Amino acid sequence: MKKILLPTDFSENAMNAIVYALKLFKDEECTFYILNTYTPVVYQMEFMQASSAQFELLDIVRNSSLNGLSAIKDEIHKTYFNAKHTIETISTFNSLISEIKELVKSKNIDMVVMGTQGASDVKGVLFGSNTIHVINSVKSPVLAIPSGFYFEAPHEVLFPSDYEVDFQDSQILPIVNLASQYHSRVNILHVNFGEALSKKQQVNKAKLEGYFKNVAHLFHDVKNKNIDEAINEFQRKSRINLLVMINNKHSFFENIFFKSTIKRIGFRLTTPFLVIPSKQ
């Protein structure tokens, strides 16, 4: 049974991500943990005085969280009922990142699915800060769903790779399993700058061929482009339903998403984006 963690801030984007997850795993037995964390801004522990007003504020925020989760659970049972799915809710006084990290470990979470923006939904920003921190901190695959992207089966998967990763089951099997379930084609995209593959890269590419031997797949070599440019161009030419990357430190992933150029580059997330940690 899969265990899927669904953080929510009760925004439309968060609910859209929840619905996407319910539909993506509609044929699998799953437990979905819907999580809301709350930390009132004025509730500073180090300066806290045990006043009745502060306890009342905490009760108000806690009740708001519980009521919001109850409403989501009712909506799922009413509109998206699935006998294979178990829905559990978690409301907790904690920071989002800390709670997700604890739950991934304690509940052996298989995947975190969340929206790319929060309640503020700032336009023109690639990811909300929470999504960036979750991707960079959590030792679990994270599936980010863009605002306004409604579920469609992931028939065409784009998997950029520099072949620098010594691929392991924990990194590739999530892709293989999804591709097998939906009869998807996996497009492995490599940017070539005129240099031949090193022995290490050749070995890793051969490992990928072995992993995908029972899945429709194509290898694509693109010359002399930035990786974000290559991804953009590929998505313009092909109807990609899912983008997948392995978050390998010191790789092109880090260069794209965790440097100061993040707000200036042309890359914009328009499809669901599955990020798999290099180590779990």
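The model is a predicted one, so local features need pLDDT of at least 70 and side-chain atom pairs count only at pLDDT 80 or more, while totals for chains, interfaces and linings use all residues. Residues are numbered from 1 along each chain as its sequence is written, and side-chain values use heavy atoms, with hydrogens and water left out.

To start with the overall picture, the protein chain has eight helices and ten strands. Here helices (H or I, at least four residues) and strands (E, at least two) are DSSP runs, numbered from the N terminus. Of the 280 residues in the protein chain, 50% are buried. Buried stands for under 20% relative accessible area, exposed for over 50%, and partly exposed for anything in between (1.4 Å probe, protein chains only).

Strand E1 (residues 2-7) runs parallel to E2, and six bridges join the two; strands count as paired if DSSP finds at least two bridges between them. Within this pairing, Leu6 sits opposite Ile34 of E2. Together with helix H1 (residues 12-24), E1 and E2 build a right-handed β-α-β unit. Right-handed here means that, with the strands pointing away from the viewer, the path from the first strand over the helix to the second runs clockwise.

E2 also pairs with strand E3 (residues 85-92), again in the parallel sense, over eight bridges. Tyr33 has Glu88 as its bridge partner in E3. Strand E2 itself (residues 30-37) is well tucked away, with eight of its eight residues buried. Cys30, Phe32, Ile34 and Asn36 are on one side, Thr31, Tyr33, Leu35 and Thr37 are on the other, and both faces are covered.

Strand E4 (residues 111-115) pairs with E5 in the parallel sense over four bridges, and Val112 has Val142 as its bridge partner in E5. Strand E10 (residues 273-277) runs antiparallel to E5, and three bridges join them. In that pairing, Leu143 faces Leu274 of E10.

Helix H3 (residues 96-106) has a buried set made up of Leu96, Ile97, Glu99, Ile100, Leu103 and Val104. These residues cover an arc of only 165° around the axis, so they end up on the same side of H3. The arc is taken from the directions from the helix axis to the C-beta atoms. Lys105 and Ser106, on the other side of H3, are exposed. Just past the helix, Asn108 adopts a positive phi of about 55°.

That leaves the charged pairs. Side chains of opposite charge can pair when their charged atoms come close. With a salt bridge taken as a side-chain nitrogen of Lys or Arg within 4 Å of a carboxyl oxygen of Asp or Glu, the count comes to eight. One of them joins the side chains of Glu28 and Lys2, at 2.9 Å from N to O. This pair links distant parts of the chain, 26 residues apart, with Glu28 in the loop between H1 and E2 and Lys2 in strand E1. Glu28 is buried at 19% relative accessibility, whereas Lys2 is partly exposed at 24%.

Glu156 forms another salt bridge, with Arg185, and their closest N and O atoms are 2.9 Å apart. Glu156 lies in strand E6 (residues 156-160) and Arg185 in strand E7 (residues 185-192), so the pair ties together parts that are 29 residues apart in sequence. Arg185 is partly exposed, with a relative accessible area of 34%.

Lys207 and Asp166 also make a salt bridge, with 2.8 Å between the closest N and O atoms. Lys207 is in helix H6 (residues 199-211) and Asp166 in the loop between E6 and helix H5 (169-182), so to speak distant parts of the chain, 41 residues apart. Lys207 counts as partly exposed at 26% relative accessibility, and Asp166 counts as partly exposed at 46%.
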